[in-house]
Amino acid sequence: MRKRTPIYFILALLLSCLWCSRPTGNSTEYLYEQFKDPASSYRPFVRWWWNGDKVEAEELRRELHLLKEAGIGGVEINPVAFPTYCDSLDKPSLTWLSPEWIDMLKICFDEAQKLDMTCDLIVGSGWPFGAEYLEGDEQAQIVVNYGQAVSGPALLRMERDSLIAHALPKISSPYKGSTKELMALRLYPNPATNATDRIDLNTTDSLLLIDVPEGDYTLSALVKINGFMEVINGAPGASGPVLNHFNVDAVNSYLHTMSDSIQGRIGPLKGQIRALFTDSMELEGANWSSDMAEEFQQRYGYDILDYLPFILFKIGSMGSALNYDAVVPVTEEFKAMVERARYDFEDFKARLIMERFTQPYLDWCHQLGVKARAQAYGRGFYPLENAMGYDIPEGESWTTNWLRHKPGEEMSETDYRRGRAYTMVNKFVSSAAHLAGNRLVSCEEMTNTYTVFNMTMEQLKLGGDQSVISGITHSVFHGFNYSPNLEVPFPGWVRYGAYYSENNPWWPYFKEYTDYKARLSTALQHGTYYADIAILNPENDMWSTIGMQNEPFPNVTRAPYKTLLWESINKCGGGVDYVSENILQAGQVKNGAFRYKDRRYNTLILIDVERMHPETAQQLLRFVKDGGKLLCIDTIPYQSLGLSGDIRAKDSVVKACFDQIRDFDGGFVFAEPPKEGFLSWYDSLMQVEGLPHYLDIETPDPYVMQNRYTTDDGCELLFLCNTHRYHSHQTRIRFHRELTQGKHPWIWDLQTGERYPLVLNDDNSYDFDLGPVESMLVVFDRHRGDNVETVHAPSLHAPFLQRSTMNLSNDWDVELVHARLDTTIHAHFDTLFDLKDHPDYQHFAGTIIYRKTISLDSIKPYVLDLGRVEGVSELLVNGQSAGVKYYGRRIYDIGNLIQEGENHLEVRVTTTLGNYLKTLSQEESPTTWIYVNHPKRNQELQPMGMRGEVRI
């Protein structure tokens, strides 16, 4: 057996290639100047779908200017298949890598530079990438199995092709040009007791004659499919079979074919693009290449083909197991060996991906002089380590099932998707970036394949803030459709996205949000995320028992509460990263802390971990002996991983280490997870066990979250947000001395760019009143601000009960200006109400203008609260704008706009398009019908307008 290269050597190689680009300028004053007027590189980017590659030069230029004006800082050029439901106007498609297509790239590169915008370029088209020209072993391969109970004595006759057909996986994107091979046909006793007690059968004849001895058996077939998967939504030239990511020669050939074609026509990519990008590698269970059996034998010391019939499950869409029943039944004793072999196979695939795809991809990008950006996950990857070498690792957040999963309205403890826009994988991606010393963590943000025409700016902010909490520091919006809207009928060409379009009624206000995102990204990318707790998830246990799962949406996962743990640490005022066994083995223990490069963790938490490498157990023992704190939740490790080597000896080391660890009073804690109430459970555990945190939050709340970043000159940045869509939260937060000593607290206003000193209580606490979807950046800076007028920044948010108020909820004159129809409706509302509940207005889309005249007998520091508003609100007082608000509380300071006597109020509320589009049939508008009326996307009418109560 060839000795395996420790994974931390591979990590070191990956990190040696990492371009850890950090912003220049160290002082907080420099940062504040950047914050007020963010550079374009910090502004949100968009995924720019070139629908069907039906692109033309002037339209490309027009759209870049449109995006620039909306506050977008860059584009990810993303060729994709043309939406079949859209009118193409018979415009021709350009073929990927053709001279004409490359010329369009050049048009964009040059125009973007003129506009101070950035271009990224996706590798290939669609996902995962491939091409029509790929042949043989260049195409993605999968080995699948089939099992059938048989009894003897009997002589069975079977068509080989029929047997192969029974084994085929029910994946979501099969390639029609695939070829199949029956690799092995065997009879195993039912149940099987080991891997070698079997009868090997003929696989070459078209008619198979199978002589079954007396007794019960399982007929097992291993089938290899070459070219089993087709690129999803690939554009012309880059559709066809998916690339074999386990074939390093095929990977290098594909990548260099792309770069050679482009650079041969328009010169070096360096200086023209920032990064080359790989979308999520949803490989549908790809698990094979022609040399894998031999390579596995050399690394692990046994033949994996002996174990594949027992390791593999019957799979369906996205490579997910249809169930976890053994295809070939085994005894309980043998099942333990099968789980060890399954772990080895999963670990083997992950190593090969790093060696044969990730490292060549990074080398290729850096040889070209551009950065490597990727969603470095899917199925078959180390969820942490594989992202560590990328210059720009990327996660994703979703809005697709907003109406069902309700972010901002619930925070489920039983379903990790419900209430959350961020995906489970984001914490792995951001932790990988932190471990690698990378501050730029991007996100395919608010992926939308469902509520395209009903997405509000408030929902975008809510989901975007949740993304930030998961560790994201830069947004790539999903997405902007190339669509010649001056020619194409409404709504234009729409593949996916939140309908980022000049035809969206809220588009004129969109820059309010892009400015907010730009300021937040500027601040966070100038700091290092703070964490002194690290979590080891039971990934290796999961690999052993049910295999790798598809990220970012695993069908099942071991310890489904693992998301709740990092969230609870966050909501109780602490900071946390994920680590892996590979990271633990590669780091050092020093002064009671585990250290990996610049990261330092005083507390390590293991979630439901039963299996562990002996080297990891020994490292954890050193950690506890040196003064660190180890917390085991649910289980305590007691056995080793994998089938190779001396299993008993490995198990003995793991058990002996934890026997010693358990004897350390104060250094070791075991805890059972609660069945419910996870946040309060962790808050109590944190207090009792003295677990680290830097904020004392008096009343932790499931929706109130925070992150801490530290700048190079020691400035502390705290991002606080309330992600509930409708409810406010009041709590006292005390800032620990490590934040406040020698520093002065400020509020840096993310919406306006202004800053205000924050006046703390004597115990360094502050009484926060966070409105719905409200966020703030608290900055602890050595700058005193002696020449800055002290303003109590959140003063507008003080409860109105403390003030003299007048109710203005009745008698409004209303004008409804339709966004698509040339109509305006005039009405008088005696009381305010949700327009979706009124038959005359429920299908409106556009701007609702509310007007009212009030009389005031004196000029005072008036504040106007519009109450509950559904849509973007702009307030005008006596013809002057008091500002735009698009989320949460609609409270306006109008003291400087009020005059004695009569005052004219005008409130403009802008809606989404969805309610109007419900009235259009499939024949009238096939594109909008797909997204609001199709049975799989049939959407309810959405709330609209000013619902009150309005108070001044």
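Strand E29, spanning residues 775-781, is mostly covered, with seven of its seven residues buried (buried means under 20% relative accessible area, exposed over 50%, and partly exposed in between, with a 1.4 Å probe and protein chains only). Helices (H or I, at least four residues) and strands (E, at least two) are DSSP runs, numbered from the N terminus. The model is predicted: local features need pLDDT of at least 70 and side-chain atom pairs count only at pLDDT 80 or more, while totals for chains, interfaces and linings use all residues. Residues are numbered from 1 along each chain as its sequence is written, and side-chain values use heavy atoms, with hydrogens and water left out.

Both faces of E29 are covered: Ser-775, Leu-777, Val-779 and Asp-781 are buried on one side, and Met-776, Val-778 and Phe-780 on the other. Two strands pair if DSSP finds at least two bridges between them. Strand E24 (residues 716-722) runs antiparallel to E29 and is joined to it by six bridges, with Phe-719 opposite Leu-777. Strand E26 (residues 744-748) is also antiparallel to E29, through five bridges, and Ile-747 stands opposite Val-778.

Glu-295 lies in helix H7 (residues 292-300) and is buried, at 13% relative accessible area.

Zero disulfides are found in a search of the whole structure (a disulfide is a pair of cysteine sulfur atoms within 2.5 Å). The sulfur of Cys-632 is too far for a bond because the closest cysteine sulfur, in Cys-657, is 12 Å away. Cys-715 is in no disulfide either, the nearest cysteine sulfur, that of Cys-721, being 19 Å away. Cys-632 is buried at 0% relative accessibility, and Cys-715 is buried at 2%.
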